[in-house]
Structures are given as structure tokens and as C-alpha cells.
Amino acid sequence: MKARPSERVVALARRLCADGAELHLFVLASDVWRDLDLSPPPRIHHPRRPEDRHPAYRLQRLLAFRLPGAVSALVRAATGGRSDRPAGRVVSAVTSGQQRFSELLYGRILHPAYRMVRPLLLAGMFRPEVRALDQCPINRIVACDLDAVTLAARLARRHPTAVATTSLDL
Amino acid sequence: MRPRRPPRVLYLSFYFPPSRASGVYRARATANHLVARGWDVTVFAAPPRFLQEVAGSADDALLDTVDPRIRVERPRLSTFRWERDIRRFSRFRRTMPVLAARLYDAGQRIFPEHYSSWGLDAVGRALRLHARRRFDVVLATGNPFSAFAAAWLFHRLTGVPYVVDYRDSWTLDLFAERPAYPPDHPAWTWERRVLGDAAAAVFVNEALRGWHAERYPDVADRMLVVPNGWDPDLLTEADPVPTTPALRFSYVGTVTAAQPVETMVEAFRIARGHPELADAELHIHGHLGFSRGAEGILRRRLGLDADPSAPAVDPGLRYRGPVAKTDVSRAYAESDVLVFLAGGARYVTSGKIFEYMATGRPIVSVHAPGIAAAEVLRGYPLWCNPDSLDPERIARSMMAAGKLARARDPELRAAARRHAEAYTRHTVLEPLEATLRTLVGRRRSTRGAGAPR
């Protein structure tokens, strides 16, 4: 999540700053961009809550790991921490089964599903920042990756004269 | 008794006027030739929006050179792959961009080409037209190869035979001379499927036919070569127009990234060091690249300044800009020597060489040795071939071509034009027309009637 943005995205930001544009960046990890030391510095907008606090994000973790983990813990508790053969075998089977189940549920179903709705969630997380820009004249909106498209579309709706594009070329 | 109706062909040619893609002249000539030979021709071509907004390459003057009896339909093409304007995205794509991209990629796994939506819509339209009045045969030209897949699917649904015209290669990288895809790529399955059911497969040179015949031996007896040619209707008599005493070398055509551009510039610089060519000029007529964005790179490679109004690094080099195909005769008339700059080698013929020969002017080769174009240049009396990409040797060929141009020997020029006569479009397209006619005849006789249905 705190990965450095691609070279092309950074190059575009640098060029816009150098051309004297007032640049507003909508990012999840602001410190990465601050470290880039763009001049003049752009206005950086980030959500008030980090993404991993979003209910949808937490729900997928809950369903994949915490609930199955709780079941596993219940089994361990029911056996009373006994290490004799039949009980120990049951505990280790339940624990490893739960881990496999959790990984499969998360990797095959919940995370892919979350990836699909993520652009919509991110657009919602940035809603206050988007509204705050209503009075600011915007000429160009660039969605630098797929996850930013929904947010860019919402900005475009509020700024009908701005160019809204996924192209990183000026 | 009802008169026998003309044979009806459906020609699937994505690139068709007003496109100015390199293969469009073959398609234009084929459609015009068929209609001149009495065929009822329907062409399915690219939608204008794609040509104007995505490819950015249209030449409206070319539309006027299409026989008005040809019916042109333009099936829909999804521009998902090329659309950058978020306001033009569908509501679904704006809301769920990741899912939209996944679904698009899934479609690519069925047919691995961004033009597949055009092919699918082409089949739908073809079925509707066929229901009203039957097509006798389908001719499909690639690229894009969605045209081949559409012809195959239409054949499976209706039984109408089809011929595929490999204007370009599908699974062979012409310039690297190796397979274009890894062995497990679906393009191979599709090519096998398409060739397996095709009534004939056409290639632009013997090298390409041989490469495919080796890979698909079961189909080899249905493969034929129909070379490119030159179009007499686009090339009026181009007698020399003496402009200045200095010799003018010209390259006429689109400059592309695959061509040895720097070698040509360097060879010309060396040639200009010779007193006889000291004041010679090299004029480049044509687009720089096929798409937007390519121009800047090619300007730099040619040693031209990024600012089009600034002079070239080599004072003898002049970039004259694009020339409409319908005005190309003037560019030839102003030229003393033509420079045949071409990328690739064994499998590349290049369409412009036929036009070059038709002008009867000296031609200097700037390409890798062993190029397929040598098949047609062999015997052309004004060909100066260094048989190398060494700039020194090319420069010597340029000097030899300069001498031939100054000599202006009318007999040599006449012999050169006679050589080119064998490559007029009508001449080279005759075997293709005959193949299509045979297929129609065979189909009508097996159906037991030649009357329209």
C-alpha cells in the first residue's frame, strides 16, 4: 500500500509542478509523495481514515481470519490444552484446516471481490476531499491507475469543463 | 429465364479508405478490381471514429478512389483498449473499472486481439445481409486477424467458402524473423483453425508462403502468392521535372521505426562528400510513423530538429511532410533517384517498391540483404543494390544511381517501365480473382443452380 508510485506517474507530477500547475494529489500514502520532494510542492489529499480501517476491508479480514480463528480457538479451549494423542491430533487438524480455509477464502474469494469494489470504496473515502475542491477551478483530472478511475469520474462530474483522462501524456 | 446474377463477395478488410494504413492500397485495389470484373462487392471496414480518433490516420482523398459500386459497411468496434477519456467510459466501467478490465481480458483469452469485437459484429451483420441476399464467397485480409476469425465463423454458420489474404503476417514476426508468439499462445490454435477450413490462403511473397506451408503442410496446396503491385490510377506519368541542377534523391512513403533510418542518413552524408553529389538533396515525403507519438522519435532519428520549421542537421536532408496518395505522382516527378528504405529482410516485400519501379527512375536500396523485395527488383535495369547495410557501400550505390539519373538514358527508362508493367495491380490480382471465381463456380455447381436465391 505504501509502494512508490511508478516512474511515469512521478515524471508527470514533476513536469506539472515544473510547469507551474497547481497540483492536487489524491493518494493513500502521503509520506511517499512528500519524500519525492516535488517543487513547488503539490497539495496532497489523503483519506481521513486509512484504508485498513474501512468497514469493507475489516469485514473481509474478519470473515477470512478472525471468525475461523475463533472457531479454532474454541476447539483448542474445549480440549483444555491437553496434549494427549487424540485431542492433540484434533487440535492440530482443526488449526491447519482453518489456516488453509482462511487462505483460500481470502485469496480466492474475498480479496478478489474486494479488488473489484476497491475503486468505489476509495472514491467514497475521498468524498470530503472531493467536495472541498468544488470551488477550485480544475483543468485536468488524471487517473493514474485503475483504482483511481471511479474517483476521477466523480471529480469529472463536479468539474464539467475539466479534461478527465487515464493518459499520462500531456 | 432469370439472368445469372453477378457473383457476390464479402470482403472483410478492416483497413480500407479513408484509412491510410500501409496495407490499405492492396485492399482498395482488390475491391476495385473485383467490381471491375463484374463482382458484387460488399466491404466491411473499420469505423471512421477509430481511424480519426484512435489511429489518427485517415486520408479522405483516398475515399474518392473507391469504386462507387462497392458497398462499404462499418461494423462496430469496442474502443475499450484505446479509450482514455473517462467521460466516455460506460457507467459500469466508471464504477467498476477493475471488473470491466477483467471482463475485457477474459474476452482476449477467447480471441487474442483487440479488434475481436469488430469481427464479432462483422459476423452478425454478414448473417443479416446473407439472409437477404446470399454471399458466394468471403475474402478476409489481415491484419487485424479478427477478419480471419470472422470469415471462419461465418463459414461455420453458413457454409460459404472463404479465402484469407495474409497482407501481413499473423504468427511470424517479419522483422525479427521468428515466431511472434510463444508455442502455447491461442493465436496458433486460431491460425490452424482458420487455415484448416480456408478454401485458399494468399501471401504477398514466396518466402511467407513457404514459412506457412512448412508449418501447415495439409494446407500447402491451397496457398498461393499474390504480390503487391502498383496502382495506375494513383500514379500518373511521372516524367522528370528538372527543378535545380542538383540531384534530388527521394524517399516516398511512411518512415517507420523498423527501417534503418540512421544508416540512410549516414550513407547520404558520405555520398555528399563526393564532388558529384556535393549539392544533392534527400527529400523525405510521407508521414513519420503510423500513429501519433511516433513522429518525435523518428524526427530525432532522422537528425531533424523537434521544431518542424528548423533546418535539418544535414543541410541536404529535407522533410517534405505527408503527401496524399492521390498527389504522389508530383513527388516522383520532382525526384531523380528513389531511395528504397525498408525494414526487415527475408519476408518483407514492401508495397512502395512497385510504385518506385513504375516511375522508371534509378532506385537505391537501403535495407538488409536478402529482402523479399529483391524477387521483384531483380531484372529492373536501374536498381543500385549495395547488398549491405554498410553506409560506405550504400553511399557508393547512391553515387552510381546519381550517374544513371544524370545520363537519363531513354532506353533504360523504357526497359525499367516495361519491367514494372508486370506488377500493375490488375495483373497481379488476376490469379486471386480467378481463384474466387473458381470457388463460386464450384459452389454453384454443387448447389445445382446458378440462379440467385
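Colleague: How much area do domain 1 of chain B and domain 2 of chain B bury between them?

Modeller: They bury about 1800 Å², with 57% of it on carbon and sulfur atoms. Keep in mind that this is a predicted model. The size of an interface is often given as the accessible area lost when the parts come together.

Colleague: Which residues of domain 1 of chain B lose the most area to domain 2 of chain B?

Modeller: Arg20(B), Phe175(B) and Glu177(B) do, and together they account for 30% of what that side buries.

Colleague: Where do the two domains run along chain B?

Modeller: Domain 1 is made of 8-77 + 115-228 + 425-447. Domain 2 covers 248-421. Their C-alpha centres lie 30 Å apart. The contact draws 25 residues from domain 1 of chain B and 22 residues from domain 2 of chain B.

Colleague: How many salt bridges are counted between these domains?

Modeller: One salt bridge. Look for the side chains of Glu177(B) and Arg346(B), which meet at 3.8 Å, N to O. Glu177(B) is also among the residues of domain 1 that lose the most area to domain 2. For polar contacts, the count between the domains is four residue pairs, both residues at pLDDT 80 or more.

Colleague: Which helices supply at least two residues each to the domain 1 side?

Modeller: In chain B, helix H2 (48-55), helix H3 (60-63) and helix H9 (206-215) each do. H9(B) gives the most, with four residues. By class, that side has twelve nonpolar, eight polar and five charged residues.

Colleague: Now to the two chains. How much area is buried between chain A and chain B?

Modeller: About 1400 Å², of which carbon and sulfur atoms give 68%. On the chain A side, Met116(A), Leu146(A) and Thr166(A) supply 38% of the area buried against chain B, more than any other three residues. The contact takes 22 residues from chain A and 15 residues from chain B.

Colleague: How many salt bridges and polar contacts go with that?

Modeller: The salt bridge count between the chains is zero. Nine residue pairs are in polar contact, both residues at pLDDT 80 or more.

Colleague: Which elements of chain A give two or more residues to the side that touches chain B?

Modeller: Helix H4 (85-125), helix H6 (149-158) and strand E4 (163-165) of chain A. H6(A) gives the most, with six residues. By class, this side of chain A holds 13 nonpolar, six polar and three charged residues.

Methods: Residues are numbered from 1 along each chain as its sequence is written. Chains are lettered from A and ligands numbered from 1 in the order in which they are written. This is a predicted model: local features need pLDDT of at least 70, side-chain atom pairs count only at pLDDT 80 or more; totals for chains, interfaces and linings use all residues. Side-chain values use heavy atoms; hydrogens and water are left out. Contact means heavy atoms within 4.5 Å. Buried area is the accessible area (1.4 Å probe) that two parts lose on being put together, summed over both. A salt bridge is a side-chain nitrogen of Lys or Arg within 4 Å of a carboxyl oxygen of Asp or Glu. A polar contact is a pair of N or O atoms within 3.5 Å; within protein, one must be able to donate a hydrogen and the other to accept it, and residues adjacent in sequence count only if both atoms are side-chain atoms. Ala, Val, Leu, Ile, Met, Phe, Trp, Tyr, Cys and Pro count as nonpolar, Asp, Glu, Lys and Arg as charged, and the others, Gly among them, as polar. Domain bounds come from an automatic or database domain assignment.
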